[in-house]
Structure formats: C-alpha cells, structure tokens
Amino acid sequence: MEKERWQPSAQGPIAAKHLVAGSAVPALVVEAPTPSSWRASFLAGLHACVPLALSIVPFMTVYGVAARAAGVPFWFAQLLSVAIFARTQLAAVQLLAAGAPGIVAALTAALMNARYIVYSMTLAPQFRHLAWYWRVLAGYFITDETYATLATRLQQRQEAHPQWFLFGGGGLIWLASQSGTALGGWLGQTLPADWSLDFTGTLVFLALLVLLSFTHRAALVTAGTAGSLAVVLADLPWRLGLVVAIVAGLAAGLLAQRWHSASASAEGGA
Amino acid sequence: MIIFLLLTGPVTYLMRACGLLLVRTRLMPRQMSSGMALASTAVLAALVAPSLLRPAGHLAANPLNNPRLLVALLVLPLILALRRNVQAVLSGTVLSGMGLLWALSWLAGVALPVSVPLTLLLLAGVSLAPSSPTPGRLRRAPARPGPPCHRDRDANRVPAAPVSRTGSLRSVRLPPAGVGPLLRSMWPSATSTHWRDTPAAPGRLRRAGARRNTPHLRDRAAD
C-alpha cells in the first residue's frame with residue numbers, strides 16, 4: 001500500500017493536497033491527525049480565541065459605558081453580561097435608556113440572538129456522540145467567536161473533543177467579556193454624563209447595520225422597512241412600534257428573498 | 001424589568017443549546033437560517049433609525065439641526081471603506097463618530113473632552129483585528145470541492161455556507177472594496193459571474209460553478 005501524505009493547509013481539508021507520494025493524482029481519503037487528549041483540544045480552543053478575546057474587550061467596554069450612561073446599576077450590567085453572554089445586552093440597555101419596558105427589551109435581545117439557533121443546529125452533528133451533560137455545558141459557550149473558530153477547525157480536521165475546544169475558547173471569551181464589562185462600568189461611572197457616551201452604542205449598531213445591510217437585497221429591504229417603520233411608529237405606547245417594525249421588516253425581507261429566489265430559478269430554467 | 005431581562009439569559013441559552021440537545025443529524029433548512037439572519041438586520045435597523053432621526057423624541061431629519069444624524073452620515077463612508085475588517089469598522093466608527101460628535105459639541109460651545117483610556121482600548125481592538133480569523137477563510141473552503149472520493153467524508157463536516165447568512169459579527173462575507181463591486185454584488189444581474197462569489201448566492205449555484213471549473217470533473221463531463 002502506498003504511503004499517503006497529508007499536507008496541512010489553511011484553506012481546509014477540501015483544498016488540502018491529498019497526494020500519493022510521487023504522484024499528482026489525488027489519492028484516497030486521508031484523515032488529518034486529531035488531538036488525542038481533551039487537554040490538547042482545550043488548549044487549541046484557547047489558542048484560537050486569544051486574538052478574538054482581546055478584541056472583544058473594547059466592545060464590552062462600550063457596553064459597560066453605555067449601561068452606566070443609561071443609569072443601569074453596575075452589578076446589574078455585570079449580571080446581564082453573565083446571563084446573556086452575547087453582544088445583545090447593549091441593545092437591551094439602549095432600549096431601557098429610551099424608556100422601553102423590560103419585556104420589549106428582552107424580546108428585542110431574544111430576536112437578535114436568534115442566530116444562535118443556526119450556530120447550534122449547524123454544530124449539532126459534531127456533538128451528537130457526546131453525553132447530554134457535555135452538550136448542556138457546551139451550549140453556553142457558543143458565541144460568534146467560538147462558533148467561527150470551531151467551524152474553521154472542523155473544516156480543517158476532525159475534532160475528537162469538540163466540547164473541550166469550545167470550553168477553552170469560550171472560557172477565554174467569557175473572561176474577556178466580563179473584564180470588558182467591568183472596565184466599561186468603571187469608566188462609565190468615572191466619566192461625566194455630558195460626554196454623550198450613550199452614542200457609542202448607536203455607532204456600533206450603525207456599523208453592524210451597514211455591514212449586514214449591504215450584503216444582499218433582502219437585507220437592504222429588511223433594514224429599510226424596519227428602520228422607516230420604527231421612526232414612524234415610535235409614538236406607540238410601550239415602544240410597541242419597535243416590535244411591529246422588526247416583524248414587518250423581517251416579513252418584507254423574507255418576501256424579497258423569496259421573490260429573488262423565484263426570479264433566479266426562473267432565469268436558470270430559461 | 002429586571003425579571004424580564006434576566007429571563008433573556010435562559011432564553012438565549014436555550015437558543016444556543018437547542019440544536020446540540022435536540023438535533024441529531026438534520027441541519028436547518030436554508031430558508032430558515034436566512035430568515036434568522038434577517039432578524040438581526042431588522043432589529044438593528046429598528047434600533048438605529050429612531051435614535052438617529054428622533055434623538056429628542058420628535059422627528060429631526062435635518063442633519064444641520066441634528067448632530068447625531070450628521071455624525072452618522074459622516075462616518076458612513078468610513079464604514080463602507082473599512083467594511084472588509086469588522087473589528088476595524090467597529091472601532092473606527094466609534095472613534096471617529098465620538099470624535100466628530102465631541103468636536104461638534106465643542107464648536108457649539110461645550111468643552112471638548114478626551115477619553116484616553118477608551119480611545120486606547122479601541123485602538124487596541126483595531127490593531128488586533130487583522131489577526132482575527134477572517135470570514136473569507138470560512139467561505140473559501142467549500143467553494144473548492146475536492147475529488148469525488150473526498151466528497152462523502154466532507155459531507156459530514158460542518159458546512160460553512162450558513163455562516164455567512166447568520167449575520168454574526170465576524171462571519172459576514174462582505175463585498176469587495178469600492179462602490180462598483182459593492183453595487184454589483186447587490187444587483188448581480190449586471191455581472192452574473194460575480195454573483196456566484198457573493199454571499200447571497202445560493203449554494204447550489206456556487207457549487208455548480210465551482211464543479212464546472214474543477215479540471216478533473218470537467219474532463220469527466222467531456223468524456
């Protein structure tokens with residue numbers, strides 16, 4: 001049997017060269033080496049998330065500052081950061097500052113977190129062999145950052161202990177997130193209120209909105225509909241205009257997406 | 001209020017864990033994942049628009065009378081210019097936006113404050129951004145299918161296609177720089193070949209195009 005050679009590649013296993021020695025013909029499937037211990041997986045996750053964890057500190061600092069500017073107590077901002085462990089607490093805090101009821105803020109945050117369902121379902125096949133308690137624990141550590149790193153990792157090689165990879169990366173992200181929140185809470189307490197620090201949250205959302213909207217037409221339709229309706233319906237009681245705007249924007253975006261898919265398939269058929 | 005907000009934590013957890021706990025093999029339908037990606041866009045738009053256009057509770061659509069709206073309009077080109085690097089966009093927007101707002105306030109007669117610690121932190125975020133995994137890495141791999149013998153094994157891996165549709169912070173594959181490519185990526189009928197590389201392109205089309213361009217498969221098709 002000919003010896004197989006595996007060449008690691010940053011582009012993943014699909015692009016990796018699986019060649020028989022001395023031949024240019026693609027060879028049989030070659031499994032990449034897997035970490036043999038949970039510790040190796042944990043350290044790999046930790047290592048992969050170091051730059052992301054460091055860059056998340058400023059974002060969470062902005063959240064802490066915005067929370068203090070909105071009059072949210074320091075302990076509550078920190079508790080919210082632990083409980084939600086996402087970036088959506090910034091939206092909730094902004095809504096509270098604008099006088100929205102707690103249920104509207106919670107509903108908005110939950111809607112923003114809907115993407116985690118996608119993450120979780122995408123990772124599910126990799127976790128199906130694990131015991132239920134591992135999956136219960138791993139669920140808490142699925143974030144944007146850990147999902148990106150774990151998905152990249154799984155594209156490159158089979159991971160024997162994906163839960164430990166998640167614990168390593170997610171634990172570091174969690175520490176960075178809480179540190180940033182605490183720092184922001186301290187800064188928000190120290191800095192004067194007339195510095196308009198609450199505007200930092202709006203700027204962050206504006207940047208994210210532009211990034212998400214300018215990707216395809218359905219997103220642009222969603223943003224336009226939701227934004228304009230939110231302005232028009234802002235006087236509804238209990239900030240219900242916000243919820244209506246979100247639902248209407250989502251419906252408009254889905255319609256646009258469906259229309260585009262139908263027209264694309266019609267073009268393909270022709 | 002506190003109860004509702006604290007309930008958001010368990011709800012968020014359930015969203016994260018539902019797939020791991022319930023789903024065994026089936027992945028989410030593509031349309032459903034696309035819809036969830038749009039939810040983030042809708043929420044952000046509904047949050048941003050009133051805070052910019054109704055900062056004091058009434059409509060103020062004139063940027064000359066509304067400094068926040070003016071600042072938002074001024075930082076838009078910066079966001080579009082830096083859009084390939086998410087961390088740079090976030091940090092650059094906050095830095096430039098707050099700087100502009102403070103400058104405008106100073107021009108209006110209010111003292112100009114300088115937040116040194118916050119600025120340093122945000123700058124640190126900018127400097128760290130290039131070392132973060134870029135979305136392109138997640139996207140490029142599935143666009144290059146391996147030989148047929150690898151395909152079955154690759155089917156069990158985590159698909160990267162939903163990544164770009166989730167609306168996550170670092171997983172958004174953004175159009176190339178420049179206004180022209182940006183517009184072409186949104187209105188793909190102008191250049192059909194570019195459409196296959198855009199994030200909104202259906203995976204079926206992208207895969208088909210990549211397969212046609214794979215030499216050994218093309219040769220087999222010719223045979």
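Entry one. I started with helix α3 of chain A, residues 89-97, and found it mostly covered, with eight of its nine residues buried. A reminder to myself: this is a predicted model. I wrote down the buried residues of α3(A): A:Gln89, A:Leu90, A:Ala91 and A:Ala92, then A:Val93, A:Gln94, A:Leu95 and A:Leu96. After α3(A) comes A:Gly99, and I noted its positive phi, near 90 degrees.

Entry two. Next I wanted to know how helix α9 of chain A and helix α3 of chain B pack.

Which residues make the contact? From α9(A) I listed A:Phe199, A:Leu203, A:Leu206, A:Ala207 and A:Val210. From α3(B) I listed B:Arg68, B:Val71, B:Ala72, B:Val75, B:Leu76, B:Ile79 and B:Leu80. I sorted the residues of this contact into 11 nonpolar, no polar and one charged.

Last, I checked A:Glu145, which sits in helix α7 of chain A, residues 144-156. Is A:Glu145 buried or exposed? The cut-off for buried is under 20% relative accessible area, and A:Glu145 has 2%, so I marked A:Glu145 as buried. I also found a polar contact of 3.2 Å between the side chains of A:Glu145 and A:Thr143.

Conventions:
Residues are numbered from 1 along each chain as its sequence is written. Chains are lettered from A and ligands numbered from 1 in the order in which they are written. This is a predicted model: local features need pLDDT of at least 70, side-chain atom pairs count only at pLDDT 80 or more; totals for chains, interfaces and linings use all residues. Side-chain values use heavy atoms; hydrogens and water are left out. Axes are lines fitted to C-alpha atoms, for helices over the stretch in contact, and angles run from 0 to 180 degrees between N-to-C directions. Helices (H or I, at least four residues) and strands (E, at least two) are DSSP runs, numbered from the N terminus. Contact means heavy atoms within 4.5 Å. Ala, Val, Leu, Ile, Met, Phe, Trp, Tyr, Cys and Pro count as nonpolar, Asp, Glu, Lys and Arg as charged, and the others, Gly among them, as polar. Buried means under 20% relative accessible area, exposed over 50%, partly exposed in between (1.4 Å probe, protein chains only). A polar contact is a pair of N or O atoms within 3.5 Å; within protein, one must be able to donate a hydrogen and the other to accept it, and residues adjacent in sequence count only if both atoms are side-chain atoms.
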